[in-house]
Amino acid sequence: MIDMAQPLLEVKDLVKYFPVYSRGILMKKVVGQVHAVDHINFAINECETVGLVGESGCGKTTTGKLILYLERPTSGEVLFQGRDAIKTFSKGSGEEKMRLRRAMQMVFQNPYSSLDPRMTVFDIISEPFKIHKHVSSNEWKERVYKLLELVGLEPYHAERYPHEFSGGQRQRICIARALAVNPTFIIADEPVSSLDVSIRAQILNLIMDLQNKLGMSYLYISHDLSSVRQISQRVMVMYLGEIVESATTEKLFDRPVHPYTRALMSAVPIPDPKRKMNIILLPGEVPSPVNPPSGCRFHPRCQYATSKCSQEKPVLAQVDVDHYVSCHYYHKFI
């Protein structure tokens, strides 16, 4: 999809199926599979933010965990700086794994559960120093204070516990912890979904400022299209484990092509009470990932679907420069 010699991150034909077991107590059998992520491909360049959007349960978070090997992929490749990350995480030496962990970090969705309530902020941020041993102990205090300053907190906050902070401040602490190992790539999984609107803007601005200062790349996972538009250079739309559309942010928001993307965009609030919103209501529910529909997975809810859609699986085809879509009838919307 991406015409570059070597992107920072490449995901090739990535698959994750979770087994479904029978309810037997002694002899459990695999009776099905949850198609969480199904043959997805994308790339992220240096100093770039790519948004990944879709409904809850479509496989966004699982994709992030697969990249960092927090979940073992069923098949596929993850290349980081041209090297096989899955092979390194599974079979590499301890030093190779630690080096890759330092380069790739994750900011989790809920700042209330991703911080140990028994540890002070200083202990939380300095814990990576203990594990990776890339900072000498006599420099810990200075480094923690610099990281706190970088995310907009004060040095005295280091002696406090997580329960003494607001949600936005906790997320800043999570970001500081991720930055403690000097990563070049961060997966931000719904980093502002649990925060107030005013605090969301502060955290998004912080993420963008850090990218400008440190030159990092992000995979920004969210279902909040407004924040995705603000922070991302490119956006991928995911539906039932598959990427159905990918484009630059401007193209995707100005001219969405896939019927599912068009429905998502129609639901974005317009800050003008005089303008009428033409919301596209999708019939039915998202199909079960245990038994996904044949052909195009979106066809049971698509008003434009034909028999071809239920029989033939569409490929992710290029419709414009940096614009790809998986739909048999995308030409209707161009």
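Reader: What volume does the largest pocket have, and how is a pocket told from a cavity?

Author: Rolling a probe the size of a water molecule over the atoms shows where empty space is left. The rules use a 1 Å grid over the protein atoms alone: a cavity is a set of points where a 1.4 Å probe fits but cannot get out, while a pocket is an open set with protein on both sides within 12 Å along at least five of seven lines. Grid points are joined across faces, edges and corners, and the space filled by probe spheres set on them is the volume. Here, the largest pocket comes to about 470 Å³. Bear in mind that this is a predicted model, where local features need pLDDT of at least 70, side-chain atom pairs count only at pLDDT 80 or more, and totals for chains, interfaces and linings use all residues. Residues are numbered from 1 along each chain as its sequence is written, and side-chain values use heavy atoms, with hydrogens and water left out.

Reader: Which residues lie nearest the centre of the largest pocket, and which helices supply its lining?

Author: A lining residue has an atom within 4 Å of a point. There are 17 of them in the largest pocket, with F253, M265, S266, V268 and I270 nearest its centre. Helices (H or I, at least four residues) and strands (E, at least two) are DSSP runs, numbered from the N terminus. Helix 8 (225-231), helix 9 (249-254) and helix 10 (259-266) each bring at least two residues to this lining, and helix 10 has the largest share, with three.

Reader: How does that lining divide by class?

Author: Ala, Val, Leu, Ile, Met, Phe, Trp, Tyr, Cys and Pro count as nonpolar, Asp, Glu, Lys and Arg as charged, and the others, Gly among them, as polar. On that scheme, the largest pocket has nine nonpolar, three polar and five charged lining residues.

Reader: And what about the second largest pocket: what is its volume, and which element gives the most to its lining?

Author: Its volume is about 390 Å³. Q105, F108, P128, H132 and R177 are the closest to its centre among the 16 residues that line it. Strand 6 (104-107), helix 4 (121-132) and helix 6 (167-179) each give two or more residues; helix 4 gives the most, with five. The classes here are 11 nonpolar, two polar and three charged.

Reader: How many cavities of 30 Å³ or more does the structure hold?

Author: Four. The largest cavity has a volume of about 80 Å³, and its lining includes H258, C296, H299, C302, C309, C327 and H328. That lining has nine nonpolar, three polar and no charged residues. The second largest cavity holds about 60 Å³ of space. Among the residues around the second largest cavity are V107, I175, I186, I207 and Y218, and helix 6, strand 7 (185-189) and helix 7 (197-214) each give two or more residues to that lining. By class, the second largest cavity is lined by 10 nonpolar, no polar and no charged residues.

Reader: Are L115 and L26 buried or exposed?

Author: Buried means under 20% relative accessible area, exposed over 50%, and partly exposed in between (1.4 Å probe, protein chains only). L115 counts as buried because its relative accessibility is 5%. It sits in the loop between strand 6 and helix 4, and its C-alpha atom is 7.4 Å from that of C174, 59 residues apart along the chain. L26 counts as exposed because its relative accessibility is 78%; L26 is in the loop between strand 1 (9-21) and strand 2 (30-44).
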